[in-house]
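Subject: A structure for you to explore

Hi there,

Here is the structure I promised to pass on. Have a look at it first, and then read on for what I found.

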Amino acid sequence: MDYIEHVRSLAYANIESLTPISDTPIESLLALDWNVAVNDEPIDQAGLLQANLTLEPTYCLGRAARAAAFVENWFPKAQLQYAEVLEDGMRNMMLDIIKQESLQESMLIELLAYEDPHAVIVVDDAQFDPISAQLGMPVIHPKIGCHKVWQGFASDWLIENAKLATDPAEKLSCLDQAEQLCPSTAYLTEARAVIYMAMGKMTEAEYNLNKALEMRPTARLLFALTMRGITEAKSRFHQVYPAELFQLLQQEMEGYL
Amino acid sequence: MKDQEEEDLKRFEEIIKSLPEEEQQVMERELKRRRGVTVRAMISQVMARNNSHNIGPTLGGKFEKK
């Protein structure tokens with residue numbers, strides 16, 4: 001399968017129904033309705049996986065891919081890139097709010113959600129996150145990793161595809177293909193860590209956890225390393241996040257018993 | 001299924017106590033290995049996330065939406 005063409009064709013589905021209102025890509029993107037929902041409940045991960053495999057624009061991967069198709073279709077001279085979010089602007093907003101306001105569990109769940117893997121696009125060196133259109137304010141992520149546009153989306157698609165496979169060797173093969181298209185994304189590295197953990201290959205898992213942590217530090221990564229007995233991870237966790245978040249992740253993990 | 005697994009491990013622990021000492025050590029290592037498998041599976045569940053990025057209720061409530 002030509003993964004790049006497959007992903008591109010998914011992103012281009014009904015693209016003619018989106019028309020620009022301006023001569024500039026970003027203005028036109030901001031004017032569109034990206035149908036970003038406000039979620040009061042945690043999102044079902046299984047349903048999200050299925051949606052991502054068809055690049056449904058209900059979630060960020062499909063939205064970002066659709067935005068890329070829109071720009072490529074209507075503004076072919078624009079410099080277009082896929083961008084993996086490595087430090088999330090909304091996550092930082094939530095951390096500030098948590099420090100200033102009285103803490104509720106829903107805030108911690110929301111914080112974790114903003115630390116989940118996220119993809120946006122860069123057009124002529126300007127970030128575009130479809131959430132900006134919904135919030136009515138620009139959402140700029142302090143740190144992103146830019147890659148060739150369709151290679152980036154194809155890599156993400158392959159990582160989602162790897163989650164469907166039950167055989168670890170098949171999962172790792174999917175990730176190897178993703179790596180060839182778009183080397184060394186944090187999402188890919190985390191996905192490898194998960195597979196190695198499930199296989200019991202903890203040396204490989206820890207190597208990938210640490211590598212992912214360098215690229216894209218999150219509470220979940222620090223928590224996983226803490227569960228592996230790495231005390232520096234625990235102290236680093238508590239430097240950034242409230243203790244209640246650690247307890248929440250512990251409860252979440254124990255819920256799988 | 002998960003409750004059953006934990007029940008089985010607890011029963012296993014009880015059985016180990018009744019064994020001769022040398023056998024206990026071997027079985028305790030096996031018990032540790034089984035619990036380790038469970039912990040690994042749990043950790044990988046915590047890690048195995050997809051990207052969604054809709055807006056949560058806090059930020060959704062604070063900022064004007066179109």
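A quick definition before we start: helices here are DSSP runs of H or I with at least four residues, strands are runs of E with at least two, and both are numbered from the N terminus. With that in mind, you can find A:Ser184 in the loop between helix H9 (168-181) and H10 of chain A. Please also remember that this is a predicted model.

You will find A:Asp124 in the loop between S2 and strand S3 (126-128) of chain A. With a relative accessibility of 43%, A:Asp124 is partly exposed.

**Salt bridges inside chain A**

How many salt bridges does a search of the whole structure find over all chains? The search gives nine.

One of them joins A:Arg91 and A:Glu115, whose closest N and O atoms are 2.9 Å apart. A:Arg91 sits in helix H5 (residues 89-100) and A:Glu115 in the loop between H6 and S2, so this pair ties together parts of chain A that are 24 residues apart in sequence. Both A:Arg91 and A:Glu115 are buried; for A:Glu115 the relative accessibility is 6%.

Leaving aside neighbours within four places in sequence, the contacts of A:Glu115 include A:Arg216, A:Pro217, A:Thr218 and A:Tyr241.

A:Arg216 turns up again in a salt bridge with A:Glu190, at 2.8 Å from N to O. This pair links distant parts of the chain: A:Glu190 belongs to helix H10, while A:Arg216 is in the loop between helix H11 (202-215) and helix H12 (219-227), 26 residues apart. A:Glu190 and A:Arg216 are both buried.

Next comes the salt bridge between A:Glu252 and A:Arg220, where the closest N and O atoms are 2.7 Å apart. Because A:Glu252 lies in helix H14 and A:Arg220 in helix H12, the pair ties together parts of chain A that are 32 residues apart in sequence. Are the two partners buried or partly exposed? A:Glu252 is partly exposed at 23% relative accessibility, whereas A:Arg220 is buried at 7%.

Finally, A:Glu5, A:Arg8 and A:Glu72 are linked in a network of salt bridges.

**Nonpolar core**

In soluble globular proteins, nonpolar side chains tend to be buried together. In this model the largest nonpolar core holds 87 residues, and among the members that touch the most others are A:Leu29, A:Trp150, A:Phe237 and A:Leu245. Not counting residues up to four places away in sequence, A:Phe237 touches A:Leu245 as well as, for example, A:Leu222, A:Phe223 and A:Phe246.

A:Thr189 is found in helix H10 (residues 186-199) of chain A. With a relative accessible area of 2%, A:Thr189 is buried. Beyond residues up to four places away in sequence, A:Thr189 touches A:Asn208, A:Lys211, A:Ala212 and A:Met215.

A:Gln239, in helix H13 (residues 231-240), is exposed at 64% relative accessibility. From A:Gln239 to A:Ser22 is 45 Å, C-alpha to C-alpha, and the two are 217 residues apart in sequence.

A:Ala243 is part of helix H14 (residues 243-254) and is partly exposed at 38% relative accessibility.

**Where chain A meets chain B**

What area do chain A and chain B bury between them? It is about 4200 Å², with 61% of it on carbon and sulfur atoms. On the side of chain A that touches chain B, the residues divide into 36 nonpolar, nine polar and 13 charged. The contacts involve 58 residues of chain A and 28 residues of chain B. Salt bridges between chain A and chain B number zero, but four residue pairs are in polar contact across the interface.

Enjoy exploring!

Best wishes

How values were computed:
Residues numbered from 1 in each chain as written. Chains lettered and ligands numbered in written order. Predicted model: local features only at pLDDT ≥ 70, side-chain atom pairs only at ≥ 80, totals over all residues. Heavy atoms only, no water. Buried < 20%, exposed > 50% of the residue type's maximum accessible area, 1.4 Å probe, protein only. Contact = heavy atoms within 4.5 Å. Buried area = accessible area lost by both parts, 1.4 Å probe. Salt bridge = Lys/Arg side-chain N within 4 Å of Asp/Glu carboxyl O. Polar contact = N/O pair within 3.5 Å; in protein donor to acceptor, adjacent residues only side chain to side chain. Nonpolar A, V, L, I, M, F, W, Y, C, P; charged D, E, K, R; others polar. Core = buried A, V, L, I, M, F, W, Y, C linked by side-chain atoms within 4.5 Å.
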